[in-house]
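I opened this notebook to record what I looked up, entry by entry.

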Amino acid sequence: MVKAYELRGNSKEELLKSLEEQRKELSELHVAKVTGGAASKIAKIKSVRKNIARILTVHNQQQKEGLRKAAAGSKYMPKDLRAKKTRAMRRALTTAERKQKTVKQRKKEAAFPKGIKYAVKAV
């Protein structure tokens with residue numbers, strides 16, 4: 001069984017080579033299954049499929065990380081590298097946009113500050 005942390009140290013070529021080996025082994029196991037091979041070979045199909053998935057996952061993560069590094073300094077980030085979140089969250093105002101005030105609101109706050117307490121004369 002292949003471990004993901006072991007695969008992370010491998011280069012792209014090594015990953016693709018091991019992927020090819022696993023796929024070849026899987027095809028051999030499928031042939032063994034059809035021809036009535038041993039039960040141990042049939043049981044091994046699942047682990048080989050999982051190994052292929054692990055290799056592909058690590059490969060895709062490495063590719064995406066490379067793309068992130070390439071796009072780091074650019075003005076725009078490709079859509080598939082942006083944070084997914086939800087549609088509403090992506091369209092929501094940023095904190096800076098939320099804190100902005102109109103000219104009228106700023107004048108009103110300057111003329112009538114909120115923190116000042118006025119003394120009320122008792123009658």
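Does K85 count as buried, partly exposed or exposed? I looked up the value in this model, which is predicted. K85 counts as exposed because its relative accessibility is 55%, above the 50% cut-off for that class.

Entry on the loop. I located K85 in the loop between α3 and α4. I then checked its backbone and found a positive phi of about 50°, although K85 is not a glycine. I note for context that most residues other than glycine have a negative phi. The loop between α3 and α4 (87-91) also holds P78.

Entry on helix α2. I counted 23 residues in α2. From its first C-alpha to its last, α2 reaches 33 Å, close to the 33 Å expected at 1.5 Å a residue. Just after α2, I found G36 with a positive phi of about 80°.

Entry on the buried side of α2. Which residues of α2 are buried? I listed L15, S18, L19, Q22, L26, L29 and A32. I recalled that an α-helix has 3.6 residues a turn, so residues three or four places apart point the same way. I then looked for the packing partners of these buried residues, and found α1 (4-7) and α3.

Entry on Q22. Q22 counts as buried because its relative accessibility is 13%, under the 20% cut-off. Leaving aside residues up to four places away in sequence, I found Q22 touching V2, V48, N51, I52 and I55.

Entry on the pairing of α2 with α3. Two packed helices are described by the angle between their axes and the distance between the axes. I looked up both: the axes of α2 (residues 12-34) and α3 (residues 39-71) come within 9 Å and cross at roughly 155°. The two helices are therefore roughly antiparallel to each other, as the cut-off for that term is over 145 degrees. I recorded the crossing of α2 past α3 as left-handed. Sorted by class, the contact of α2 with α3 has 13 nonpolar, seven polar and seven charged residues.

Notes: Residues are numbered from 1 along each chain as its sequence is written. This is a predicted model: local features need pLDDT of at least 70, side-chain atom pairs count only at pLDDT 80 or more; totals for chains, interfaces and linings use all residues. Side-chain values use heavy atoms; hydrogens and water are left out. Axes are lines fitted to C-alpha atoms, for helices over the stretch in contact, and angles run from 0 to 180 degrees between N-to-C directions. Helices (H or I, at least four residues) and strands (E, at least two) are DSSP runs, numbered from the N terminus. Angles under 35 degrees count as roughly parallel, over 145 as roughly antiparallel, 65 to 115 as roughly perpendicular and the rest as oblique. A crossing is left-handed if the near helix is turned anticlockwise from the far one by less than a right angle, and right-handed if clockwise. Ala, Val, Leu, Ile, Met, Phe, Trp, Tyr, Cys and Pro count as nonpolar, Asp, Glu, Lys and Arg as charged, and the others, Gly among them, as polar. Buried means under 20% relative accessible area, exposed over 50%, partly exposed in between (1.4 Å probe, protein chains only). Contact means heavy atoms within 4.5 Å. The expected span of a helix is 1.5 Å times one less than its number of residues.
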